[in-house]
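Subject: Two-chain model for your files

Hello,

Here is the structure I said I would pass on. My notes follow below it.

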Amino acid sequence: MTKKIFAIIIATLICAQFVFSASAYTQQYVIDYADKLASSEIEELDLFAEKLESAYGVTVLFCITEGTGDVTADEFASETYSDYADNENGLIIVHDDWNKAYSSFISGNADEVFSDAAVDSMIDAYDTNESYYGGIYACYELAEEYLENGYSGGYVNDSEPLNNDTDTIGEEKDGVSIIWLPVSLLIGLLVGFLIINGIASKNTSVKMQENATVYTRPGSMVITGSADNFLYNNVERREKPKQTEKN
Amino acid sequence: MSTILEQKCPCCGGAVEFNTDAQRLKCPYCDTEFDITAMPEDTSNQVEQINWNSQGAQWSAGETDGMSVYACNSCGGEIVADTTTGATTCPYCGNQVVMKGQFSGALKPDLVIPFKLDKKAAKEALKKHISTKKFVPKSFLTDNRLEEIKGVYVPHWLFTCDAVGNATYKAKKVKTWSDENYEYTETSYFDVYRSGNIGFDNIPVDGSTKMPDDLMESVEPFDLSQAVDFNTAYLAGYLADKYDVTAEESMPRANERIRQSIIDSFKETVKGYDEVENQGANMNVANGIYKYALYPVWLLNTKWNGENFTFAMNGQTGKFVGNIPTDKKAVTKASLLLGAGIGAVIYGLMWLIELL
């Protein structure tokens, strides 16, 4: 019984780890269409942006792209924000690396914190940095400063008053999406099926023995010939995602 | 003086029985049913003249093949058994009898492992075996009946040999490294060869066609160090069969197990690889000798839903085996419940982590 309970706990923890690892990195804040950032850099920047969202309830996205396709830069920014952000209140800055152009889109009450001047200063902070990663990081640092000042009331916008209403910006998080409930149940059912069938299979105890090693005379095995011949090898090479310096 | 009343079928003369379902008398031979009131009155006081006539039935040729008839020394009753039976019980007086001819001369076993565990232990082991299993149908627990329990000395051939063999394996090594720009995975393949000798002592092979081979191999191993020279006295109180599978017929099974042992044992010496897969093996057996031994096994037969279930217990070590039916509905229900529970816990933990 102890073994079964232990097995169930282990299985639960494995499942939980699986789900958490999947759920812990669900929101993407840095969208790298131009493939300029390493995955570890994106992950780090995403954590920064997630921290901002948790603290202030404002989503700050950054997108690097090589052109905006058939749509205008502003439309591209708006559509990208809709695609990636769940939060009504937020900001996206898009860097079109191919055309060396910037665009932005502000959603909901985020415009009470991020004025045009604020967005421009964030773009400047990004543009003056040598690396893509460093630029976005600087941009997020500035965003954090604006958000912090916006809440404390210390930040004075060029023209617009601050709104510290926490019912709009900085609202409580919704918690885990309901979509994870069926996923959790599905994983639970799979694990439950495996555990229960494993237990039930023990009702069958009659089977032929595979070998006779239990009847081996102790110390009787002597290896008289041994050869390990190399046949061939395969080498697979995979390019590492790397941090690219800006032109 | 006792009197006997026997209700006979008016149609065929067979003895009728009271059928509990129909609540009427029923002839089991012609299936005719009668009301109890329709049957004739008790005629036990009437004088009945009975003439016994022999039908003159004789065994036809070949009909007695595989049968032997013995006379019980205690009561003189005839014991009909098959030709492999070596020890049994007289059906009339319950006297334990041993058919000496079955174990004499060339048929005499070299060794016998005496029973160490009695019938009571076998019954308790059966209870424990069933009670410790999960998802057993409830009706099996309540309705299965222990039809028969018998201690049987099962004939086994014991093979001892020095095996000389070789085996080949396909082995794989995986190495990974990276530089500034790339990650590399190198997979190296090897052809591995091993040859050598292994000695085997007393590999048992079931020598009785009556006993399922998988059941007999499942109760292994027996401790042959406790075996003694054969003596018919050990058989008293138990059933015993002489072999009906010869040593020559049993050799292929012993060879099969030896071959697999060589593959498995040599594989243990193939080290330093990430994967090892057997590609084939050859073997020869030298200094092969075999012995004939009787191994003690308790056999327990139960019946449930018209199906027979056979369990076996090693009469020396107590190892108990036997397949038990599984309640598929209970398995499905438990899987769903456990799965839902695990799913809920996972989702709950996700919430907890999210809130923290």
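The contact between the chains of this predicted model takes 61 residues from chain A and 67 residues from chain B. On the side of chain A that touches chain B, the elements giving two or more residues are helix 1 (2–23), helix 6 (180–200) and strand 5 (222–239) of chain A. Strand 5 of chain A supplies the largest share, 18 residues. By residue class, this side of chain A divides into 29 nonpolar, 21 polar and 11 charged.

Strand 5 of chain A also pairs across the contact. Its partner is strand 10 (residues 182–206) of chain B; the pairing is antiparallel and runs over 16 bridges. Within strand 10 of chain B, Thr187(B) is the residue opposite Asn234(A). Asp228(A) is found in strand 5 of chain A as well. Leaving aside residues up to four places away in sequence, Asp228(A) touches Phe190(B) and Val192(B). Asp228(A) counts as partly exposed because 15 other C-beta atoms lie within 10 Å.

On confidence: the predictor gives the complex an ipTM of 0.72 and a pTM of 0.58. Chain B has an average pLDDT of 82, and 81% of the residues score at least 70. Among the elements of chain B, the highest mean pLDDT, 95, belongs to strand 10 of chain B, and the lowest, 54, to strand 1 (residues 17–19) of chain B. Two stretches need a separate mention. Residues 1–6 of chain B stay under 50 in pLDDT, and the model has 4 contacts for them beyond four places in sequence. Residues 41–48 of chain B are also below 50, with 3 contacts in the model beyond near neighbours in sequence.

Next, the strand pairings inside chain B. Strand 13 (residues 275–304) of chain B takes part in these:

- With strand 9 (residues 145–178) of chain B, strand 13 of chain B pairs in the antiparallel sense over 26 bridges; Pro296(B) in strand 13 is the bridge partner of Tyr153(B).
- With strand 14 (residues 307–314) of chain B, the pairing is antiparallel and has 8 bridges; Trp298(B) stands opposite Met313(B) in strand 14 of chain B. Strands 13 and 14 of chain B form a hairpin with 2 residues between them, and Asn305(B) in the turn has a positive phi of about 55°.
- With strand 8 (residues 111–112) of chain B, the strands run parallel and are joined by 2 bridges; Val112(B) stands opposite Leu294(B) in strand 13 of chain B.

Two helices of chain A remain. Helix 6 of chain A, with 21 residues, reaches 30 Å from its first C-alpha to its last, close to the 30 Å expected at 1.5 Å a residue. Its buried residues include Trp180(A), Ile187(A), Val191(A) and Ile195(A).

Helix 3 (residues 73–84) of chain A has 12 residues and reaches 16 Å between its first and last C-alpha, close to the 16 Å expected. Phe76(A), Ala77(A), Thr80(A) and Tyr81(A) are the buried residues of helix 3 of chain A. They lie on the same side of the helix because they cover an arc of only 130° around the axis. Ser82(A) and Asp83(A), on the other side of helix 3 of chain A, are exposed. The buried residues of this helix pack against strand 1 (30–32), strand 2 (59–65), strand 3 (90–96) and strand 4 (101–107) of chain A.

Regards

Note on methods: Residues are numbered from 1 along each chain as its sequence is written. Chains are lettered from A and ligands numbered from 1 in the order in which they are written. This is a predicted model: local features need pLDDT of at least 70, side-chain atom pairs count only at pLDDT 80 or more; totals for chains, interfaces and linings use all residues. Two residues are in contact if their C-beta atoms, placed from the backbone, lie within 7 Å. Helices (H or I, at least four residues) and strands (E, at least two) are DSSP runs, numbered from the N terminus. Ala, Val, Leu, Ile, Met, Phe, Trp, Tyr, Cys and Pro count as nonpolar, Asp, Glu, Lys and Arg as charged, and the others, Gly among them, as polar. Two strands pair if DSSP finds at least two bridges between them. pLDDT is the predictor's confidence in each residue, from 0 to 100. The expected span of a helix is 1.5 Å times one less than its number of residues. A residue is buried if 20 or more other C-beta atoms lie within 10 Å of its own, exposed if 12 or fewer, and partly exposed in between; C-beta atoms are placed from the backbone. The arc is that of the directions from the helix axis to the C-beta atoms.
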